[in-house]
Amino acid sequence: MTLLPDADVEPALRGVTRRAGRWVAWLAVLASPLLTIAGLVVLQPAGAPLMRDDGAPAPSVTPAGWAEMYVRAWLTASRDDPAGLETFYPGGVKSQRAVGTQVPIDTAVISAVSPTPGVWSVVVVADVLVLQPDGKRRATLLCAQVAMTSTDAAYAAAALPSPVACPSTGGAAVLAYDEVADSGGPVGQSVTGFLTAYLAGQGQLDRFVSPGASLALPRPAPYTAVQVAEVRTHEKFEPGQAARPVDGTVIHSFTHAWGWDATGQNTPVDYALTLVARAGRWEINRIDSAPLTAGR
């Protein structure tokens, strides 16, 4: 777990909660019940009806979003600020915590089931900064089960959130990229050129992409430079074969790289790519949705 001194807490929060929707949720749990409701409206899926024909708010298919906001309010509530907790649970008990001793920086719904009609059980995982006796804050994951009741027009919490065990994490996946490609060889050069153009905006992306491939650039470019650490392939090449690819040949690669930002900090990234040979060179055809795993 990571320990953060007080001076680093606010920058950490800003970095983790940059997405607009998360900012709305963050402001909502720290502000009044009115802002809490506003946050829920903003976070409602696009295209969903905001009001019923009779003028009452229309609930979503499941109370997942409501439960997520409820857990945020529950974690944020203190003896000085209820954080809108009564909006979700009118019969809630007032928190006795001091302000800022536990701060949710991100939340997500793990599961939502309806054991009986009109009743929902939602499990929410929260990334929380918790104040330690030494004055630092420890980042930890907390899972909470939320019981919700529903009517035609509204949801309400049936009880305060119940901390439960988080899902366990399995062992590392075994990937099916057994061959190491020379970073200076044809495959390695194509992958490096592509990632440098794609992630750092350096060079022409079209030089490294197959004609007709749909690969929109992330904007703004997330990094200023890219360093490729290793390129591996699923396919095994005979000596010299990679340098003389037959047009239409398809290979699958997995690349570990580092993205460097303007402050000189780096972030590790992985890319599973499909490459196709054309005119004697390798071109990126697509970013795979998932890497190939052994035995699959």
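Author: A residue counts as buried under 20% relative accessible area, as exposed over 50%, and as partly exposed in between, using a 1.4 Å probe and the protein chains only. This is a predicted model, in which local features need pLDDT of at least 70 and side-chain atom pairs count only at pLDDT 80 or more, while totals for chains, interfaces and linings use all residues. Residues are numbered from 1 along each chain as its sequence is written, and side-chain values use heavy atoms, with hydrogens and water left out.

The part to look at is strand β4, which covers residues 137–150. Helices (H or I, at least four residues) and strands (E, at least two) are DSSP runs, numbered from the N terminus. Two strands are called paired if DSSP finds at least two bridges between them.

By that rule, β4 pairs with strand β3, residues 119–131, in the antiparallel sense, through 13 bridges. V130 is placed opposite R138 of β4. The two strands make a hairpin that leaves 5 residues between them, and G135 in the turn has a positive phi of about 90°.

Strand β5, residues 155–157, is also a partner of β4: the two are antiparallel and share 3 bridges. Here S150 faces Y155 of β5. Strand β6, residues 162–164, is likewise antiparallel to β4 and is joined to it by 3 bridges. Within that pairing, C143 has V164 of β6 as its bridge partner.

C143 has a further link, through its sulfur. A disulfide is taken to be a pair of cysteine sulfur atoms within 2.5 Å, and by this rule the count is 1. That disulfide connects C143 with C166, at an S to S distance of 2.1 Å. The angle about the S-S bond is 115°, and the link is right-handed. It joins distant parts of the chain, 23 residues apart: C143 sits in strand β4, whereas C166 sits in the loop between β6 and β7 (179–181).

Now for the rest of the chain. Its secondary structure amounts to 6 helices and 11 strands. Of its 296 residues, 36% are buried. Accessible areas come from the Shrake-Rupley method with a 1.4 Å probe, and for residues only the protein chains shown count as cover. On that basis the chain exposes about 16,300 Å², of which carbon and sulfur atoms supply 56%. With a contact defined as heavy atoms within 4.5 Å, residues 24 or more positions apart make up 58% of the contacts that have a separation of 6 or more.

Next, the charged side chains. A salt bridge needs a side-chain nitrogen of Lys or Arg within 4 Å of a carboxyl oxygen of Asp or Glu, and the whole structure has 5 of them. One of these is between D106 and R72, at 4.0 Å from N to O. D106 belongs to strand β2 (residues 102–116) and R72 to helix α4 (residues 64–76), so this pair ties together parts 34 residues apart in sequence. R72 is buried, with 1% relative accessibility.

E230 and R232 form another, with the closest N and O atoms 3.1 Å apart. E230 is partly exposed at 33%, and R232 is partly exposed at 22%. E283 and R281 also meet in a salt bridge, 3.0 Å from N to O. E283 is buried at 1%, whereas R281 is partly exposed at 36%.

Last, the aromatic rings. Rings of Phe, Tyr and Trp (its six-membered ring) pair if their centres lie within 6.5 Å; planes under 30 degrees apart are stacked, over 60 edge-to-face, and the rest tilted. The structure has 7 such pairs. One of them is Y198 with Y271, an edge-to-face pair with 6.3 Å centre to centre and 85° between the planes. Y198 is in helix α6 (residues 186–200) and Y271 in strand β10 (residues 266–278), so the pair ties together parts 73 residues apart in sequence. Y198 is buried at 12% relative accessibility, and Y271 is buried at 15%. Elsewhere, W66, Y70, F88 and Y89 make up one aromatic cluster.
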